[in-house]
Amino acid sequence: MVNRFRLFVIWLSLSALRSPTIRFSVSLSKQAFFDLVAKNNQKLIADKIDNMIYETKIEQSLILLKPDAVQRKLVGELISRFERKGLTIVAMKMLQMTSEMAKQHYRDLVDKNFFPQIEKYITSEPLIAMILEGSQAISIIRQMVGPTDGAQAPAGTIRGDYAMSYRQNLIHASDSSESAQREINLFFPDQF
């Protein structure tokens, strides 16, 4: 008879692959593992495990730490939050956004009556542009950032913890794969 303690240790080792920093995930319950071993069919076990291991979708997102984040010296804190989450910084630079870049970046808002205020704010001081990468990065980053209005954002989100207004809300994060690609090409045209 197989020692159940050894089997449990093997199961725990496989379960450790669920770590968010690893690109692979295993979904195998302890009982299912014991059932497979009990059948004493190593090929069946290997096939079952191979079918449960899959590569997750790695995404990239553009992050802008806006002028108010730079002015308030929050850059290090905000970057460390992303790194502690397990996201990887692929590229980063400080730049002064031009009016032309602002119009391209906020192309959906250019015709709005409040765009001149956004343009004045975003071009007023330097900002930090970053490309972050990770498993399901876009949705994870959006959750970390929180809603646009800092006054309404829940505590624990970046805007909830540090922003107090709708317009000066510290940070921009891509909202989809398509916008991420467009924004990355705008801010890092020579990167890829």
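**Entry 1: Thr148**

I began with Thr148, which is partly exposed, with a relative accessible area of 36%; by the cut-offs I used, buried means under 20% relative accessible area, exposed over 50%, and partly exposed in between, taken with a 1.4 Å probe and protein chains only. This is a predicted model, in which local features need pLDDT of at least 70 and side-chain atom pairs count only at pLDDT 80 or more, while totals for chains, interfaces and linings use all residues. I also noted that residues are numbered from 1 along each chain as its sequence is written, and that side-chain values use heavy atoms, with hydrogens and water left out.

Thr148 sits in the loop between H8 and H9, where helices (H or I, at least four residues) and strands (E, at least two) are DSSP runs numbered from the N terminus. Leaving aside neighbours within four places in sequence, I found Thr148 in contact with Arg159, Ser165, Tyr166 and Asn169, contact meaning heavy atoms within 4.5 Å. Asn169 is 21 residues from Thr148 along the chain, and I read 6.7 Å between their C-alpha atoms.

**Entry 2: the whole chain**

I then stepped back to the protein chain, which has ten helices and six strands. Of its 192 residues, 42% count as buried. Among the contacts with a separation of 6 or more, 71% are between residues 24 or more positions apart. The accessible surface comes to about 11,300 Å², and 52% of it belongs to carbon and sulfur atoms; such areas come from the Shrake-Rupley method with a 1.4 Å probe, and for residues only the protein chains shown count as cover.

**Entry 3: the nonpolar cores**

Which residues touch the most other members of the largest nonpolar core? I found that they are Ile63, Leu65, Phe82 and Ile141, in a core of 23 residues; a nonpolar core is a set of buried Ala, Val, Leu, Ile, Met, Phe, Trp, Tyr and Cys residues joined through side-chain atoms within 4.5 Å. The elements that give two or more residues to this core are strands S3 (58-65), S5 (127-135) and S6 (171-173), together with helices H4 (67-71), H5 (75-85), H8 (137-145) and H9 (158-162). Apart from this core lies another, of 19 residues, among them Tyr121, Ile122, Ile131 and Phe187.

In H5, the buried residues are Val75, Leu78, Ile79, Ser80, Arg81 and Phe82.

In H10, Ser179, Ala180, Glu183, Ile184, Leu186 and Phe187 are buried. Seen down the axis of H10, these residues fall within an arc of 160°, so they line one face of the helix. Among the elements that cover them are strand S4 (88-95) and helix H6 (99-105).

**Entry 4: positive phi angles**

I kept in mind that most residues other than glycine have a negative phi. Gly146, which follows H8, has a positive phi near 90°, and Gly86, which follows H5, has a positive phi near 105°.

Lys73 is not a glycine, yet its phi is positive, about 60°. Lys73 lies in the loop between H4 and H5 and is exposed, at 72% relative accessibility. Leu170, also not a glycine, has a positive phi of about 75°. Is Leu170 buried or exposed? I found Leu170 buried, with a relative accessible area of 0%, in the loop between H9 and S6.

Notes. The arc is that of the directions from the helix axis to the C-beta atoms.
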